[in-house]
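Keep the model in view as you read.

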Amino acid sequence: MIGIATRPSGRDTEACRPHGSPPTVAAHLPTGLLIDGQWRPASSGATFPVQDPATEETLFDVADATSDDALAALTSAHDSWPAWREVAPRQRADLLRAVFDEMIARTDDLAAVITAEGGKPLAESRAEVIYGAEYLRWYSEQAVRIDGLARRAPSGANHQVVLNRPVGPALLITPWNFPLAMITRKVAPALAAGCTAVVKPAALTPLTTALFAEIVREQLESRGLPTGILNVVPTTHASGISGPLLADRRLRKLSFTGSTEVGQHLLRAAADGVLRTSMELGGNAPFLVFEDADIPAAVQGALAAKMRNAGQTCVAANRFLVHESVADEFAAGLTAAFDALVVGHGSDPGTTVGPLIEAKAVAKVSELVADAVDGGARVTTGGDALDHAGFFYAPTVLTGVSPDSRAVREEIFGPVAPIVTFGTEAEAVTMANSTDFGLVAYAYTRDVGRTFRLAESIEAGMLGVNRGMVSDATAPFGGVKSSGLGREGGEAGIAEYLDSIYVAI
Ligand code: NAD
C-alpha cells in the first residue's frame, strides 16, 4: 500500500481526481497548473493520468497544459520579475531557507510521492528529498554572495565595474528520474539569482513537482512575496508548449535536463532567440576497476553507481571496464551483490530495487541484453523481465561483453551491468573515452599518480575516485561533449542565471 500522507494544502484544484486505488493517496495533492500563484485546471479542461510504475494503476489525473496555458505562465513569470529582482538578497535567502526547512519537515510526504509515481524504494526517495532540499539551503547561502568586481583598468584610463544581474524569466524542463532534485537544482539558483521560472516537469512524474511548488507558494504567500515567480505547467504536449515559449522574447533562459536527443532539438529552437541555455544531458559512464583496486570496495561502489533508481540515473555506471587480472573476482562479487537485491514495490520495507518507469524502458533493456548475449556475453545473474504487473527487470550482470555491443555504446537506463576487460591503463582510457558522452566516470585504484592522470585524460565533467557517487549540491555537476553545457550546483550553478554587466567609468 502506498502512503502519500500529505497535509491538506488548502488549495485543492478542480483537476484533482484521485482514482479509487490506492486509497491513501492524498486528496489534497495539487494536480492543476500553477500560474500566477493559483492552482487551476488546463484551459482545455484536459487531464492526463499518472501511473504507479510498480502496479500500473493510475494514481491521479493531472491538468494537461496547452500552449496558451504555457504562455500565461510565462506572462506571470515575466510580470512578476521586476518585483522579484528588487527583493533584497537577504529576503530571497530567507525564503529559500524556509523552503528548505519545510521540505525537511515534510520529507516523508515528499518521499512517498516520489516513490508512488517514480517507483524508487522509499529509502532512496528520502535520500532524494535530502539531496534535493540541499539545493535550497546552498543557494540560500549563495543568494547573499552574488559578487561583482571593481578595479582600475590596466591602462589607468578608467575604472571597471562588473555587476551580476539576473538573466530573467527562465524555462526549466526536467526529467522523471529525480522528480524533486532535478527541479530544485534549477529552481533554487534561479530564484536566488533573482530570476523567475516556468517549470515543465516530466509528464510521468508531475506530482512531486506539484507538492514542492505548493511548499514554495505557501512560503511566498505567507511572506507577502510575489507568488507568480514560480509557475508549473505539466503537459503531454511538450513540444507544443516549448515551441511557443522558446519563440517568445520575454523568455531569457532555458535550462534543460534530459536526453541528448531532446536537448539538441531544444538548442536548435533556442538558437533563434540566442537564449542563454544550460543543458544536462545523457551519459554513458565508464566504471574502471584497476588491478590495484580494493575489489570489495569496488563492488560496493559499483552497486551505488549502477543500481540507484534501478539504474535509471544519468550518472549510472553504464560500462564496467575491469583489468583482466581482477575481472573474475569483481564479476563474482558483483553477481553475489546483485543476487542479494530485493526487487519489489518501492514502498514495501525491504525493497532495494524498484520498477523501471514504463513498459518501453523494459523493452529497451531486454533488447540490449539480448544483443549482448548474441555477441557472446554470459548472464551471471538476472537477464529477464519479471513476469507480473509493473515494469520490473531483474538486476543483471553480463560478463565477456563485446565493446561493440549496444549495452556498452548506448545509455542502458536499467539494472544491467556489462563487464568488459582491459589490459593496460592506456587501453582503459581509450575505451572510456570512446563515446560521444562525457558526463561522469568512476575509477577504483590505490595509485595516486594514476588518479591525477585519469583526472587529466578522462573526457567527463566529473570523476568519482574510489566512490560510486559524486552528486553534491555544493559541487559543480555537469558534462562535456554530448553530455551537456554549463554546470548545476556549487558556485557555478548560480552563474547560469546571471548576466555579467561591465561598466567602464
Ligand atoms: P527526455 O529527454 O525524454 O525528457 C526530458 C524532459 O523533456 C521531459 O520533461 C520531457 O517531457 C521533455 N521533452 C521531451 N521532448 C520535448 C520537446 N520536444 N520540447 C520540450 N520538452 C520536451 O528524458 P527523460 O526520459 O525524461 O530522462 C532520461 C534522460 O535524461 C536520460 O538520457 C538521462 O541521462 C538524462 N538525465 C540527465 C541528467 C543530467 O544531469 N545530465 C539528469 C537526469 C537525467
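The structure holds 4 cavities of 30 Å³ or more. It is a predicted model, so read each value below as computed from predicted coordinates.

Start with the largest cavity. Its volume is about 60 Å³. Its lining runs from Tyr131 through Phe178, Met182 and Arg185 to Arg308. Thr313, Cys314, Val315, Ser471 and Phe477 also line the largest cavity. By class, 6 of the lining residues are nonpolar, 2 are polar and 2 are charged.

Now turn to the largest pocket. About 1,300 Å³ of space lies in it. The lining is made of 38 residues. Nearest the centre of the largest pocket lie Pro175, Trp176, Gly258, Ser259 and Val262. The lining of the largest pocket counts 18 nonpolar, 12 polar and 8 charged residues.

What sits in the largest pocket? The ligand does. A shell of 29 residues surrounds the ligand. The closest of them are Thr174, Arg185, Ser259, Leu281 and Glu411. Two of these names have come up before. Arg185 also lines the largest cavity. Ser259 is also among the residues nearest the centre of the largest pocket.

Next, trace the secondary structure around the ligand. Helix H5 (181–193) supplies at least two residues of the shell. So do helix H7 (238–247), strand E10 (253–257) and helix H8 (260–271). By class, the shell has 15 nonpolar, 10 polar and 4 charged residues.

At Ser259, a polar side-chain atom lies 2.6 Å from an oxygen atom of the ligand. At Lys200, an N or O atom of the side chain is 3.0 Å from a ligand oxygen atom. Leu281 uses its backbone instead: a polar backbone atom there is 2.8 Å from a nitrogen atom of the ligand. How much of the ligand does the protein bury? Taken alone, the ligand exposes 850 Å², and the protein buries 86% of that.

Key:
Residues are numbered from 1 along each chain as its sequence is written. This is a predicted model: local features need pLDDT of at least 70, side-chain atom pairs count only at pLDDT 80 or more; totals for chains, interfaces and linings use all residues. Side-chain values use heavy atoms; hydrogens and water are left out. A residue is near a molecule or strand if one of its heavy atoms lies within 4 Å of it. A polar contact is a pair of N or O atoms within 3.5 Å; within protein, one must be able to donate a hydrogen and the other to accept it, and residues adjacent in sequence count only if both atoms are side-chain atoms. Accessible areas come from the Shrake-Rupley method with a 1.4 Å probe; for residues, only the protein chains shown count as cover. On a 1 Å grid over the protein atoms alone, a cavity is a set of points where a 1.4 Å probe fits but cannot get out, and a pocket is an open set with protein on both sides within 12 Å along at least five of seven lines; lining residues have an atom within 4 Å of a point. A molecule sits in a cavity or pocket if more than half of its atoms lie within 2 Å of its grid points. Helices (H or I, at least four residues) and strands (E, at least two) are DSSP runs, numbered from the N terminus. Ala, Val, Leu, Ile, Met, Phe, Trp, Tyr, Cys and Pro count as nonpolar, Asp, Glu, Lys and Arg as charged, and the others, Gly among them, as polar. Grid points are joined across faces, edges and corners, and a volume is the space filled by probe spheres set on the points.
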